[in-house]
Amino acid sequence: MHRKLLLASQANDDDLRKHSNIPTKTDPQPSAINTNSAAGKDTKFLIFGFSKLFKGGKTPSNTQTLNVEVTEKDIVIALMGRVGIDGKQSFIDDVFGDGIDRQNSNSPHIHFIVTNEPNDSGRKVFLIYSSGSKEQKLTEGLRHALNWLSDSCGDKRKFSGLIYLEDSSTPSPSKLTRNTLDLLDKCVERPNVVVATTGWDDDIRTEPLEVRHKELREQWRPFVDRGVSVLRLSAPGKASQDVFHTSWDVVKLIITKNDEISTTGKRSVWKAKEKKADDQFLEDPRDTDIVIPIMGPTGAGKSTFINHVAGESVAAVGHNLKSETAQLQHVIFPHPTDRTRRIIIVDTPGFDDTYVADSEILRRIAVWLAQSYSANMTLAGVIYLHEISQTRMLGTARKNLDMFNKLIGKDATKNVILATTKWGEIPAEVGDRREEQLRERHWKWMVDLGAKLFRFTDSQESGWKIIQHILDQTATQDVDTVEIQQELVELKKILPETEAGQALLYTLEELLENQRLAAAQLRKDESSDQVKAIMRETDQKIHATLGQINALSGNRLRAWWRKRFSPVSVTCIT
């Protein structure tokens, strides 16, 4: 049962600041509102075609007042921030045009606008904003809005999203208390929050604004780590892709994120037990980001692939067996068709790194993927690179492929791209024969699960062909998370308990046994200096392998204890 909303008189607004119009898009016909709904004659809202939201033009003054109700499928967005009532109304003008009327609620602190969503979806979009000054605290505005929401829809409904505006020209960003964060969790579908800084269009130096923008992002860090977007807000005529965004971009982003949350469900928060202080991650992860990791052995061409896609040198390239990618590196690309989204390509080290142990490589990859999952970023696909110039599947290549499969899991294999590289180093007929061997032998089970084969020919065109395939696949089918993300975040396993952790432990323990056997054999003949030198080298390898095992399984006792003494259900017989 939806509660009725009783409106007071129409708000008398001051003249508002005007920006240039948002670029024109296709203008769908406004969807009709059922005036005979059960809301009753006293439930009146201002309804205007959502086409103006797309078009960004002026809204006609002869808009209709119709009877509507707030339903569960409707989108209800709260607009808050330290910009005062004028700043919020200016934001609304940039989206809807400055000729619209606004409505007061039965609360003197809350105003709202309601529109039809395009494409005949049958749902409405409510934009709720408070009348508080720049000094109004977020908790105060949220409580007023939450009271409105409770009176309108009942206590179970949350806001579909929150837009928070902050004036970057003010001395310092507002501080978020623990109570504020708890209240946000209570009333907003987390993490559907967009924080937008204003003041970028003023004729002042941008350096202080950048400092305050970063301070604001740190204030919102508990939510930023879950994928909350922190954007720079600019006038439509001045906004540029991925740097400055318009008011319409923000509203569209909230609606898009709302739909994604409703279809993908809520994700757990990762406790980050394996994370270290020097681990690298994005400063501003967004839940609209599309993540594409690049994996494969050292020297397969991962950094080269990224540089060709970028059209410039953005990732260090190694020209020998020494790896240039000790830490995971990410490169941000603008989405080719959607300015509200970014493509994050992640360059990962191979499991044969020159100076970094395999256990540490696994930890770094696992930490990055777990963080991105907890931040609600979409892992759209994974690219695995293999040198077609290799004569056979060597031990290093096999180990990397095995670890890759453990990290990804069977369910996500359909989102894998198996790309061969270095085609220019061998004759075409040799490459064709080796590619067929990979398809029919080493990669057959992955291909049977839906993995696709591509050739990367050291060109921007071939690189973007692979990226575009992943983007097209994401748009037409659901994308499964990879195994390591589910294990660490949802199943709350520690790294040694994961499939990849167990596989690497087995490999290391097998290697340790072989090293010990070799050392025992050498000790039978310690007569020559050469043998003694080999023994010292073998002992160093044993020590290094033990170090990896200890680093990876340091929590093995805890894992055993949890399995041994985990709570079980007991049936009492009476």
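A salt bridge here is a side-chain nitrogen of Lys or Arg within 4 Å of a carboxyl oxygen of Asp or Glu. By that rule, aspartate 402 bridges to arginine 398, with 3.9 Å between the closest N and O atoms, and the structure holds 16 salt bridges. This is a predicted model, in which local features need pLDDT of at least 70, side-chain atom pairs count only at pLDDT 80 or more, and totals for chains, interfaces and linings use all residues. Residues are numbered from 1 along each chain as its sequence is written, and side-chain values use heavy atoms, leaving out hydrogens and water.

**Salt bridges**

- Aspartate 402 and arginine 398 sit four residues apart in helix H10, so about one helical turn separates them; helices (H or I, at least four residues) and strands (E, at least two) are DSSP runs, numbered from the N terminus.
- Aspartate 402, at 38% relative accessibility, counts as partly exposed (buried is under 20% relative accessible area, exposed over 50%, partly exposed in between, with a 1.4 Å probe and protein chains only).
- Arginine 398 is also partly exposed, at 29%.
- Shared partners join Lys276, Asp279, Glu360, Arg363 and Arg364 into one salt-bridge network.
- Lysine 124 meets aspartate 74 in a salt bridge (3.1 Å, N to O).
- Lysine 124 lies in strand E6 and aspartate 74 in the loop between strands E2 and E3, so the pair ties together parts 50 residues apart in sequence.
- Both lysine 124 and aspartate 74 are buried.

**Helix H14**

- Helix H14 (residues 483-490) has Ile484, Gln485, Glu487, Leu488 and Val489 as its buried residues.
- After H14 comes lysine 492, with a positive phi near 55°.
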